[in-house]
Amino acid sequence: MRCLIVYIVDLFDFHGSFLYSIPQIIGDNPVLIVANKIDLFPKDVKFSRVQHWVKRECRNRGLHDIAVGQVHIVSCKTGFGVGEVLRRARQSAVDRGCDIYVVGAANAGKSTFINHLLKVGGGGGLSDMPPFMSHNNTTSLLAK
Ligand SMILES: Nc1nc2c(ncn2[C@@H]2O[C@H](COP(=O)(O)OP(=O)(O)OP(=O)(O)O)[C@@H](O)[C@H]2O)c(=O)[nH]1
Ligand SMILES: [Mg+2]
């Protein structure tokens with residue numbers, strides 16, 4: 001099935017929470033990497049350095065072909081950057097006529113991410129979305 005994958009990674013525990021099966025899960029579907037918990041970093045951290053670091057670490061773990069522009073620095077807790085992810089994901093999903101799946105390790109921030117989207121709508125409008133489905137630690141958000 002063609003879908004857009006939003007893969008949430010925990011910047012504070014990147015290596016401990018990386019999903020080594022993620023290349024197989026993604027297959028040839030498009031992916032947005034959401035690098036979460038930036039609020040725990042010093043205020044003057046350079047986002048471009050973090051993006052390049054995430055890209056490199058992903059590549060070292062089998063996620064090749066990730067462009068820096070696919071890596072979004074966010075804080076699901078404060079909402080920083082989440083609206084932009086929602087806009088990009090919605091646009092991509094609408095263009096392809098596909099669903100959006102939110103995946104990530106336990107504690108990466110999936111529920112916080114989705115709760116934030118449901119609260120603020122990210123400017124893209126969530127009112128026409130069906131409810132999201134949750135199954136144990138895996139959550140997917142239907143965005144038709
Ligand atoms: N500092 C900080 N903490 C966060 C952020 N996002 C999530 N958390 C915290 O990380 C913990 C896990 O967040 P969840 O949203 O429950 O993570 P999850 O991916 O849904 O976890 P599972 O449902 O167990 O798979 C919680 O204590 C959140 O408050 C963030 O951007 N910054
Ligand atoms: Mg959860």
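What follows is a chat about a predicted model of one protein chain.

User: What does the secondary structure of the chain come to?

Analyst: The chain has 5 helices and 6 strands. From the N terminus the order is β-α-α-β-α-β-α-β-α-β-β. Keep in mind that this is a predicted model.

User: How much of the chain is buried?

Analyst: Buried residues account for 33% of the 144 residues.

User: And the contacts between residues at least 6 apart in sequence, what share join residues at least 24 apart?

Analyst: That share is 75%.

User: OK, helix α4. How far apart are its end C-alpha atoms, and what should the helix span?

Analyst: Helix α4 covers residues 82–96, which is 15 residues. At 1.5 Å a residue it should span 21 Å, and its end C-alpha atoms are 21 Å apart, so the two agree.

User: Which residues of α4 are buried?

Analyst: V82, V85, L86, A89 and A93 are the buried residues of α4. They cover an arc of only 95° around the axis, which puts them on the same side of α4. On the other side of α4, Q91 and D95 are exposed.

User: Let's take α5 then. At what angle do the axes of α4 and α5 cross?

Analyst: The axes of α4 and α5 cross at roughly 85° and come within 10 Å. On the α4 side the contact is made by V82, G83 and L86, and on the α5 side by F113, H116, L117 and V120.

User: How do the residues of that contact divide into nonpolar, polar and charged?

Analyst: The contact of α4 with α5 has 5 nonpolar residues, 2 polar and no charged.

User: Which residues of α5 are buried?

Analyst: K110, F113, I114, H116 and L117 are the buried residues of α5. Seen down the axis of α5, they fall within an arc of 160°, so they line one face of the helix. F113, H116 and L117 are also named in the contact with α4.

User: Switching to α3. How many residues, and how far does it reach?

Analyst: α3 has 14 residues and reaches 20 Å from its first C-alpha to its last, close to the 20 Å expected at 1.5 Å a residue.

User: Which residues of α3 are buried?

Analyst: Q51, V54, K55 and C58 are the buried residues of α3. Their arc around the axis is only 100°, which puts them on the same side of α3. R49, R56 and N60 are exposed on the other side of α3.

User: Which residues other than glycine have a positive phi?

Analyst: K37 is one of them, with phi near 80°. D65 is another, with phi near 65°.

User: Where does K37 lie, and is it buried or exposed?

Analyst: K37 lies in the loop between β2 and α3 (47–60). It counts as buried because 23 C-beta neighbours are inside 10 Å, and the cut-off for buried is 20 or more.

User: And D65, where is it found, and is it buried or exposed?

Analyst: D65 is found in the loop between α3 and β3. With 10 C-beta neighbours inside 10 Å, D65 counts as exposed, since the cut-off for exposed is 12 or fewer.

User: One more lysine. Where does K77 lie?

Analyst: K77 lies in the loop between β3 and α4. It is partly exposed, with 16 other C-beta atoms within 10 Å.

User: What does K77 touch?

Analyst: Not counting residues up to four places away in sequence, K77 touches D39 and T112.

User: How far is K77 from N115?

Analyst: K77 and N115 are 9.7 Å apart in space, C-alpha to C-alpha, and 38 residues apart in sequence.

Technical notes. Residues numbered from 1 in each chain as written. Chains lettered and ligands numbered in written order. Predicted model: local features only at pLDDT ≥ 70, side-chain atom pairs only at ≥ 80, totals over all residues. Helix = DSSP H or I, 4+ residues; strand = E, 2+ residues; numbered from the N terminus. Expected span 1.5 Å × (residues − 1). Arc of directions from axis to C-beta. Axes fitted to C-alpha atoms, helices over the stretch in contact; angles between N-to-C directions. Contact = placed C-beta atoms within 7 Å. Nonpolar A, V, L, I, M, F, W, Y, C, P; charged D, E, K, R; others polar.
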